[in-house]
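Please keep the sequence and the model in view while reading.

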Amino acid sequence: MKNAVIKRYSFKVSSAIGVEAKSLDFLWEKSSIAEEIHRADFYHFIWVEKGELFLMVDFEELYLKTNDAFLISPGQICSFNLRSHPQAFSVLFIPEFLGEASTDAQLLHRILNINPLEHKVISLQGLPIGNLMQQLIHELESDRDDYQLVVARSCLRILLAEVARRLPKALCNSNELARLFFDEVEKNYHQWYNVSDYLPLLSVQEKLLSESVRLAVGMTPKAYIDHRRILEAKRFLAYNELSIKEIAFSLGFDEATNFSKFFRKHTNVTPNDFRLLQIKK
């Protein structure tokens, strides 16, 4: 793997409502882009109707087979291995598309943040997903009227709800406080790395926050913050030419040595060794 700069992509579809649904064939039409390491500022929902698909998301190789679904979130590092060409569909949508309803935020959180240590490929076997996908595509290709946004949102909500309801029951202990905490960590992990930094913002005592986060993801709030910082450190080290010192400063460390100790404590390798391992892949 080359130590290359991560390509960034924004949502540029002409649709004013912020969603696009189509065959996944576009990956093969733009294979040089799809196979590169990249990150996007939109969600990417994938459903394989028939066949198999291989991709990498944040250093984990994933395999999707017939009737499997997966949701890539904004900011995740990914690339596609196009050695097979399945019949598959793709829904691209910006974070604002589903609206500000708390139920929508909870739905996305349940799929993406129930366990930050795992990626979840979910089987939708036995469901009429193909019909639902075709309805969404048809709706978006039709002339826009007062009902297009409502129908499109409803189709996507059903898709996401079917994924969420098939998550392992043991992991479905999400709660509103934990979700708010995860959202704030995502915004501030590079500058706030102590649990006490988040307590005033959430208007909560540390004991209650700890109970909520443990219930949701099985780890302490501090461990969750550290996990998020380590993930971003890995992204920088693998796909950026910044020096170790520059990466340390970008993640809020005063000294590169402190960053190196932190990274080694959580990964058992030094930042430089991790970078070299990625280059050799």
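Helix α5 (residues 148-165) has 18 residues and, at 1.5 Å a residue, should span 26 Å, which agrees with its end C-alpha atoms being 26 Å apart; the expected span is 1.5 Å times one less than the number of residues. This is a predicted model, in which local features need pLDDT of at least 70 and side-chain atom pairs count only at pLDDT 80 or more, while totals for chains, interfaces and linings use all residues. Residues are numbered from 1 along each chain as its sequence is written, and side-chain values use heavy atoms, with hydrogens and water left out.

**Helix α5**

**Whole chain**
- The chain comes to 12 helices and 10 strands, taken as DSSP runs (helices H or I, at least four residues; strands E, at least two) numbered from the N terminus.
- Of its 281 residues, 48% count as buried.
- Among contacts (heavy atoms within 4.5 Å) with a separation of 6 or more, 75% are accounted for by residues 24 or more positions apart.

**Second largest pocket**
- The lining of the second largest pocket divides into 13 nonpolar, five polar and four charged residues, where Ala, Val, Leu, Ile, Met, Phe, Trp, Tyr, Cys and Pro count as nonpolar, Asp, Glu, Lys and Arg as charged, and the others, Gly among them, as polar.

Technical notes
Buried < 20%, exposed > 50% of the residue type's maximum accessible area, 1.4 Å probe, protein only.
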